Amino acid sequence: MSALRLLPHAQGNKVHNFIGGEFLPSASGETLPNLDPARNETLALIPRSNAADVQVAVQAANSARAAAWGKSSDAERADLLERIANRIEARLDDFAELESRDTGKPISLAKSVDIPRAIANFRFFAGAVRHQSTSCHPMQGALNYTLRRPVGTFGLITPWNLPLYLLSWKTAPAIAMGNAVIAKPSELTPLTATALAEVFKDVDAPAGVFNLVHGLGAEAGQAIVEHEQIQGISFTGGTMTGGRVAATAAPMFKKLSLELGGKNPTVVFADCDFETTVEGVVRAAFANQGQVCLCGSRLLIERPIYERFRDAFVERVKALKPGNPQDPATSFGSLISLGHRDKVESYAKLAIEEGGTILCGGKRPQLDGEFSEGAFFEPTVVEGLGPNSRCSTEEIFGPLVTLHPFDTEEEALEIANGVRYGLAASVWTTNLSRAHRVSERIESGMVWVNTWLLRDLRVPFGGMKDSGVGREGGRHSLEFFSESRNICIQL
Ligand code: TXE
């Protein structure tokens, strides 16, 4: 059954842009195929948009800001976000099916994580803007107070691994703070962004507040980043692409937030709680088939428990069987595309060339029927590679983990910090002072201790080094998506 039955606006297999409150094809009429990666079959045709489409979207955004939206109150915008959250929740199963078909991720994951988190993002920022406060600084003979004003129009550019999760993470605070947005999802995963556009229409959001432009990064994405009347960019994607986005946006002095790649260390000490750590570390390594920038792709294990932990870890990984993403029992789906599967496969081959040993996985699973041509790859564990090997330092962004024994905290920190990235890490120990000591010295934006991906939406989210610039989350998002203005009044 076609997934597009879940997109009422779609005409046949054609998905449209959403500009000024209307669903439109691209100006050129050109389209791009959108595939179901598990079946390697075309799901839809999406608009191949370019600068002409972005210009129409900018005009719609400008019109919205010049009309009632530009004078809307925090409470009105909070109410809109809550209506959006409620409507997504009412269609949760539809959104989960679209997300699973578009990405190849297990529908159980889409239903339990991706879509509920998108709903939570809209609800969280409804509360954040409704209850936001700024500051007042009285001084001798004068009073200072700070206002947060809308920036204008934001370009929101998002990747294929957590499509709605990340688009909502940007869209909610951007419109909470009174901006208009032009969203450009990955050309690989257009469906839930399109369903979100339908929600904006269903809840009678003012036209032009949320605009959606599908297309290629180098065409539609680049056109957004370079447009003079788009005042801010929030980008999530690869480090290389982030560099190109920054090169365009920085000289234009746009507000810019970059969430980029990762090569995250998982540090397991001998004094960890063994069973819960094995569980937690398998999830940190292979959630979403390892296609989460926060995944722990380097597993550092203190030598006294290395063999025991390695064997327990490999046994659990072998139980992850790639299968039909829409089967509720499936825990491991396909990768996002055949091209990405080939990239991960090339690293499995490189691991051998670099002197590693593949303990499990390393090849394409044999699936039959409609999945025989899908972008599947077995979860793969490699040992015996030096911490400076290419497999141990380059971002693979897929189901391949390298194991590294260590003898001291100093050695663990040297390995953990020995890469160009600095996004996230997890530390597993029952020694509290060690947990604080090691976490304080790991070079990353986020550290989890005896857990992973446990998220409080108020905390700063982002990376350092080649993992990006800026933080979003809670007040960090409110401040990124607004201009703070201090007003000083002589008393
Ligand atoms: O990234 P790409 P992908 C990273 C992760 C991985 C990558 C996977 O490291 O490498 O993202 O996502 C658009 N101007 N993270 O392959 O290619 C493109 O169309 C403007 C980290 O999609 O960088 C897509 O919409 N836009 C992250 C988006 O950029 C351009 C979490 C990302 O594409 C463009 C998730 C251009 N020149 C993935 N070229 C985190 N840190 O949270 C491409 N795009």
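These points concern the ligand site of a predicted model.

1. Location. The ligand sits in the largest pocket. Helix H7 (217-225), strand E10 (232-236) and helix H8 (239-249) are the elements that each give two or more residues to the shell around the ligand. The largest share, 4 residues, comes from H7.

2. Domains. Residues of the shell come from both domain 1 (3-260 + 467-488) and domain 2 (264-456), so the ligand lies between the two. The bounds of these domains come from an automatic or database domain assignment.

3. Shell. The ligand is surrounded by 27 residues, and the closest are Thr-158, Lys-184, Glu-187, Leu-260 and Glu-395. Sorted by class, the shell holds 11 nonpolar, 11 polar and 5 charged residues.

4. For Lys-184, a side-chain N or O atom is 2.6 Å from an oxygen atom of the ligand. Trp-160 has a polar side-chain atom 2.7 Å from an oxygen atom of the ligand.

5. At Gly-237, a polar backbone atom is 3.4 Å from an oxygen atom of the ligand. The cut-off for a polar contact is 3.5 Å between N or O atoms.

Conventions:
Residues are numbered from 1 along each chain as its sequence is written. This is a predicted model: local features need pLDDT of at least 70, side-chain atom pairs count only at pLDDT 80 or more; totals for chains, interfaces and linings use all residues. Side-chain values use heavy atoms; hydrogens and water are left out. A residue is near a molecule or strand if one of its heavy atoms lies within 4 Å of it. A polar contact is a pair of N or O atoms within 3.5 Å; within protein, one must be able to donate a hydrogen and the other to accept it, and residues adjacent in sequence count only if both atoms are side-chain atoms. On a 1 Å grid over the protein atoms alone, a cavity is a set of points where a 1.4 Å probe fits but cannot get out, and a pocket is an open set with protein on both sides within 12 Å along at least five of seven lines; lining residues have an atom within 4 Å of a point. A molecule sits in a cavity or pocket if more than half of its atoms lie within 2 Å of its grid points. Ala, Val, Leu, Ile, Met, Phe, Trp, Tyr, Cys and Pro count as nonpolar, Asp, Glu, Lys and Arg as charged, and the others, Gly among them, as polar.
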